[in-house]
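Please look at the strand pairing in this structure and at the contact between its chains. The report takes the two topics in turn.

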Amino acid sequence: MAAVATLFDEEFLKKLEYLKLISSRMLPGHMRGEHRARKKGTGVEFSDYRPYVSGDDTKDVDWKAYLRLDKLILRIFDEEADLPIYLFVDSSLSMDFGEPTKFDYARKVAAALAYIGLLNLDRVSVIGYSAGVSEQIASRRGRNQIWRIFSFLDRMTTSGETSLHRTFRTYFGSKRRRGLVVVASDFMDPAGLEPAFDFLRFQRHDVFNVQILSPEEMKPQFPDEAMLVDSENGSSHRLRLSPTLLTAYDEEMKKHQAGLEAYCSKYGWGYARTETSIPFEDLVIQIFRQDRFLR
Amino acid sequence: MSFFGLAGPTMALLLAFTAGVIFFLYWLRPPPQRVVVPSTYIWTRVLKERKRRSDFWRWLVSLLVALAVGLALAAALGRPEIEALSGKVRRIAVVVDDSPTMGARTASGEKRFDRALQIARGLLREGSAASEYLVTDTAGRLVGTEFGSRRTALERLEGLRVSLNEPSAFPAADPILFSDPETEIYFVTDGVMVREAPSGVLVVSVFQPVDNVGITAFDLRPVPAEPNRVEAFLELMNHSAEPKRVALRVDGASGQTMERAVSLAAGQVLGESFELDRFSAGPVRVLIDAPDDGFELDNVAYAYLGSPRQARVVLVSSGNDTLETLLGLDPRVSLERIPPGELPESATPPDLFVFDGVAPAAPPPAPALLIHPGAASWLPVPSGQEIENLSLAGTAREHPLMEHVDLGDVVVDRAALVSRGRYQVVAGSDEEPLILASESPIRFAMLTFALEDSNLPFQSSFPVFLSNAVSWLSGTEVVASSLGTVAVAVESGVVTDIDGKAVAARASAGRTSFSPEAPGLYAVKGSERELMVSANLLSPRISAVNDSALEGSEPGIPGSESRDFRARGELWVGLVLFALALLLLEWWTYHRRLTI
């Protein structure tokens with residue numbers, strides 16, 4: 001598998017094993033894989049008794065109790081439900097910057113989360129998006145699906161502008177189960193983020209936003225006088241870089257990040273911010289610590 | 001407005017060039033570099049909040065500021081002046097004393113001449129830009145120069161040096177200096193060599209007493225009784241106000257050294273002699289070292305010690321017992337006698353010819369002593385007449401022929417009447433020359449009378465005179481000279497100093513002249529003649545650096561306490577400050593993006 005060798009090499013797999021250990025230590029017991037659903041149902045794990053009522057499935061009646069008590073007692077089991085995880089990877093042109101690129105970084109983060117999710121027997125979907133859903137892999141379950149996801153992520157390429165709102169409307173426009181939505185992006189959406197997030201909020205998804213920026217974006221270093229060209233739409237701005245302007249940029253960037261973080265905090269969403277200079281496994285651990293991904 | 005530092009056209013050119021360069025550099029500004037960024041989302045939000053200023057206006061403001069800075073600095077280089085600020089039009093003349101004593105160094109380490117230049121500059125800068133200025137000196141280097149701009153006057157001032165020639169006088173006869181009675185004439189002097197100035201001249205004293213012990217005489221002379229032995233004679237003067245202990249050292253050509261220490265009371269003159277028996281032929285230098293000595297030029301003197309060898313003398317005479325006897329008695333002389341008309345054309349010329357009553361038609365191949373020689377084209381021209389009954393009235397005592405010679409009682413019955421022309425008169429009657437000497441075309445001495453027509457042979461000084469003649473004519477030619485300009489009768493000579501370094505020399509009218517700036521021994525080598533020049537200060541008058549007519553006065557210009565000598569109306573300082581202020585403003589506005 002030559003494709004796997006390029007982005008998800010042996011080094012990456014070692015790091016995944018490391019993350020696996022970390023996640024098991026942080027949340028012992030959960031590596032057995034099951035997520036207990038709220039509704040009681042057809043699972044195998046006993047939960048409680050209740051009196052039998054008409055219409056109940058007779059196969060759940062506890063006949064031994066009936067013989068002792070002469071009452072029909074129904075055994076109740078927790079229904080075991082897999083957690084749908086939707087991993088959105090921003091594949092717009094703006095992600096193709098940095099060393100490593102933000103896009104590579106996002107793909108690695110998505111791969112790691114997908115791996116952990118599959119280990120937990122969750123249902124993992126990976127969606128590449130830019131102006132809309134550009135490519136996706138259907139929902140997968142079971143750890144043996146990881147190689148398909150790796151292969152999918154490795155084939156992904158960058159193109160187009162960013163539109164989160166259009167992406168979510170397209171993807172969640174069809175019926176999808178509620179689940180955990182993880183978005184790995186720089187969140188530089190000219191149309192703004194609130195409409196897209198509101199859409200997710202209305203659909204009652206749990207959301208984890210991973211903002212990935214390159215160091216060059218955090219501390220721009222241009223010539224004194226430069227013509228800045230947007231990599232996505234080609235729009236340009238002629239400006240003279242000065243300490244004042246840099247300060248203004250820094251403030252605006254912080255404002256943008258704070259706005260995103262505030263939104264996530266307000267609705268109980270997860271949020272993590274990183275730069276591509278930071279190892280991706282550190283970010284993943286940070287995500288674990290927020291206790292949203294593994295439950 | 002006028003420009004003091006640069007001429008008007010040069011200044012205009014400089015300003016235009018500066019403006020052109022600045023404009024060109026601004027015009028050449030490269031287009032902004034194109035930088036692709038992931039997203040301009042944040043930048044758009046930043047720029048939306050900042051009021052956009054027109055780049056052109058910012059460029060224009062920046063260009064104007066740069067032009068103002070550049071032009072202000074360029075104009076400052078030209079040191080502009082505005083007449084309205086610099087006062088009334090005056091005529092200021094500054095006469096700088098550049099006589100040798102102005103080279104004396106005061107206790108502060110500054111030379112009187114440097115102080116004089118400083119004062120002169122102050123006087124020149126004190127006037128207005130439109131005033132007229134003149135700088136002249138006492139050595140006559142700048143006499144006759146016209147009144148002109150201050151810049152020209154200052155340039156002339158910077159070209160002045162201490163003159164090493166003794167004659168110095170206030171240029172009272174300079175018609176330009178006194179052409180306008182309104183002229184303010186300042187005379188900056190130490191009052192030593194030039195002691196007087198015409199009335200109306202404001203004398204500015206730079207005199208400060210200086211300790212000085214100087215050599216006022218230095219010579220090498222044969223011991224009269226033993227012509228083969230030579231001794232050095234040295235005369236010292238202490239012009240300090242207190243006694244001085246002086247170390248003397250005489251250095252020979254082959255490393256021989258004699259040292260001695262002497263004490264001189266204030267004002268004392270002391271003669272010292274050194275026997276140079278151990279010294280080999282060549283340069284001899286005497287050095288004195290006195291504590292706190294402020295005048296270096298008279299602390300060293302040079303002479304040349306000739307080779308002590310037998311001189312081959314050829315006496316061309318039809319018979320003169322006196323000459324033969326006296327020459328034969330001189331232990332340095334190897335005498336040969338030949339009759340007139342038999343002048344040999346041998347390959348090896350003698351060291352000296354003595355012609356008695358005859359003269360060769362052409363200059364002989366060696367120096368010559370000619371006694372009543374008759375007519376020859378290369379000799380002083382005889383008029384054909386003879387004069388009678390002459391008594392010797394005057395002699396050139398400094399001439400080597402006259403050392404230890406007293407001819408006061410000499411009477412001449414009959415002598416040839418000759419034109420003295422360019423020859424040096426060594427001795428003569430009241431009107432006519434009797435003994436002449438010359439260095440050209442060969443070195444010779446000539447008596448215009450026959451020995452038998454005078455009582456010279458009976459004088460006690462005659463053997464000494466003859467011995468001097470042998471020494472001077474047969475030895476290495478050494479010309480003693482003062483510092484300053486030296487001219488010797490060597491055609492197109494090459495001059496080298498004691499270390500063999502070439503010295504700049506000029507040739508004109510069969511003579512070579514050069515200007516030794518310090519005491520030394522110089523060799524002048526021409527195509528046909530070679531001689532040594534010992535150039536020394538050796539002047540009691542110059543060494544007396546404290547003998548000032550201004551003695552006791554304080555240095556400085558009268559009333560100088562209230563005068564700061566700073567030029568009025570000079571704007572360059574203001575222009576530089578203005579440029580600096582603009583640069584600061586530009587720096588401030590640049591960092592706030594008001595300018596580019």
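Predicted model: local features only at pLDDT ≥ 70, side-chain atom pairs only at ≥ 80, totals over all residues.

Residues are numbered from 1 along each chain as its sequence is written, while chains are lettered from A and ligands numbered from 1 in the order in which they are written.

**The sheet across the chains**

Three strands form an open sheet in the order S10(A)-S9(A)-S2(B), and the pairing is mixed. Strands here are DSSP runs (E, at least two residues) and helices are DSSP runs (H or I, at least four), numbered from the N terminus; two strands pair if DSSP finds at least two bridges between them. At the edges lie strand S10 (236-240) of chain A and strand S2 (33-37) of chain B, each of which pairs on one side only. From one strand to the next, the twist averages 30°, with axes as lines fitted to C-alpha atoms and angles running from 0 to 180 degrees between N-to-C directions.

S9 (residues 225-230) of chain A and S2(B) run parallel and are joined by five bridges. Within this pairing, A:Leu228 stands opposite B:Val35, and A:Asp230 has B:Val37 as its bridge partner.

**Contact between chains A and B**

In total, 29 residues of chain A are in contact with 21 residues of chain B; contact requires C-beta atoms, placed from the backbone, within 7 Å. On the chain A side, the elements giving two or more residues are S9, S10 and helix H9 (243-266). H9(A) supplies the largest share of that side, seven residues. By class, the chain A side has 14 nonpolar, seven polar and eight charged residues. Ala, Val, Leu, Ile, Met, Phe, Trp, Tyr, Cys and Pro count as nonpolar, Asp, Glu, Lys and Arg as charged, and the others, Gly among them, as polar.

**Pairing within chain B**

| Strand pair | Sense | Bridges |
|---|---|---|
| S20(B) (residues 394-395) and S22(B) (residues 424-428) | antiparallel | two bridges |
| S22(B) and S23(B) (residues 433-438) | antiparallel | four bridges |

B:Thr395 has B:Ala427 of S22(B) as its bridge partner. B:Gln424 stands opposite B:Ala437 in S23(B). A hairpin of four residues joins S22(B) to S23(B).

Key:
Contact = placed C-beta atoms within 7 Å.
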